[in-house]
Amino acid sequence: MLHTVNKSPYSNTALESCLRFIQQDDVILLLEDGVYAAANGTRISHLIEKALDTHSVYAIQADVKARGLQDLITGVKLADYQDFVKLLETHRSNAWL
Amino acid sequence: MKLTILILEGPYNHQASDSAYQLIQASLASGHEIHGVFFYHDGVYNVNKQMDPPQDDRHIANRWAELGKSGIDIVVCIAAAKRRGITDEVLVPDTRISGLGQLAKMTMESDRLVVFGD
Amino acid sequence: MSESPKKVMITVRKAPHGSIYVQEAIEVMFIVASFGMELSVAFIDDGVLALKSGQDTGELGIKGFMASLGALTDFEVTKVYADQQSLDDRNLSEDDLVFIGEDEETEEPVKAKITSSENIAKMMAEQDSIMSL
């Protein structure tokens, strides 16, 4: 399963909820305001750091760039929409809005 | 891979419509099929031809019309549309209003359903 | 592709009335169920608040969806789940939940089935499509 999270983790519990339901081999894709979860050293960085132990985490590069994020958590992979498509080829999608 | 794209928010107010458009473009470039695009909740506003954004910004309704013209089924939910005053008269070309049954049908006939919203 | 009915899950994660998401999600439930797909519905996070009994939008002048919610099972929407953790977080128990119709066989009134996040997660993994509304 590919879990997409598009809301900022500081104001919305979508990411936390996603992490409660995620299963082995599932992948997380951060997009839109969800990419803020990939920022290093924040109040909620530990959520992604922990997720990275067992899951791949991607962040849409265009959204990261739009928001001027530079210091990202090590291990988060930047992705473009072609990568998103590739992930969909092998995963069904679950959007955490 | 056949995808159905469900868009739940209106244009400009949320990024949903833009993200969906990006995924659609990337899917088509990879040779996949967009089985249909369905607009629900405020998503129905996406196909309003009366939108008049600044000249130097994207015209979201026109994007959907172009995709519709290329043969992709661009559908707006009738119940959600009626609530919000979106009628046939204000639709951009090559888009249509239909029932939730179309969403059910599109989902049944696709390999993937991808949802964009808030 | 397999010939067995497609498994679709609708997830409802927003609170009712402050926005139309829950009401319009219920409208989708009726239609999807009528198409012969194997539909499950999971109320998670603020979505569980939609299942609270005693809701009355009369003074708001909003029609609301309570009548529809009380008839879910009449319209073949029978696999309805509420996330235990979400209920606990909001101090809600089974006693607080509304009836969503009657059991097909016993004709006893039924409520959403309270289940663990882990069970819902396992169900999610089995779906062909997940419709987050």
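**Reading a chain contact and a sheet**

Mentor: In this predicted model, the contact takes 15 residues from chain B and 12 residues from chain A; two residues are in contact if their C-beta atoms, placed from the backbone, lie within 7 Å. Residues count from 1 along each chain as written, and chains are lettered from A in the order written. Local features need pLDDT of at least 70, side-chain atom pairs pLDDT 80 or more, while totals for chains, interfaces and linings use all residues.

Trainee: Which elements give two or more residues to the side of chain B that touches chain A?

Mentor: Elements are DSSP runs numbered from the N terminus: helices (H or I, at least four residues) and strands (E, at least two). Here they are helix H1 (16-29) and strand E5 (112-116) of chain B. H1(B) gives the largest share, five residues.

Trainee: And how do I read a sheet? What is the strand order in chain B?

Mentor: Strands of a sheet pair through backbone hydrogen bonds, either parallel or antiparallel. Two strands pair if DSSP finds at least two bridges between them. Chain B has an open sheet of five strands, ordered E4-E3-E2-E1-E5, with parallel pairing. Strand E4 (96-98) and E5 of chain B are the edge strands, each pairing on one side only.

Trainee: How many bridges join E2 to E3 in chain B?

Mentor: Three bridges join strand E2 (residues 33-39) to strand E3 (residues 74-77) of chain B. Phe38(B) stands opposite Val75(B) in E3(B).

Trainee: Where does H1(B) lie?

Mentor: H1(B) lies across strand E1 (2-7), E2 and E5 of chain B, running at about 170 degrees to E1(B). Axes are lines fitted to C-alpha atoms, for helices over the stretch in contact, and angles run from 0 to 180 degrees between N-to-C directions.
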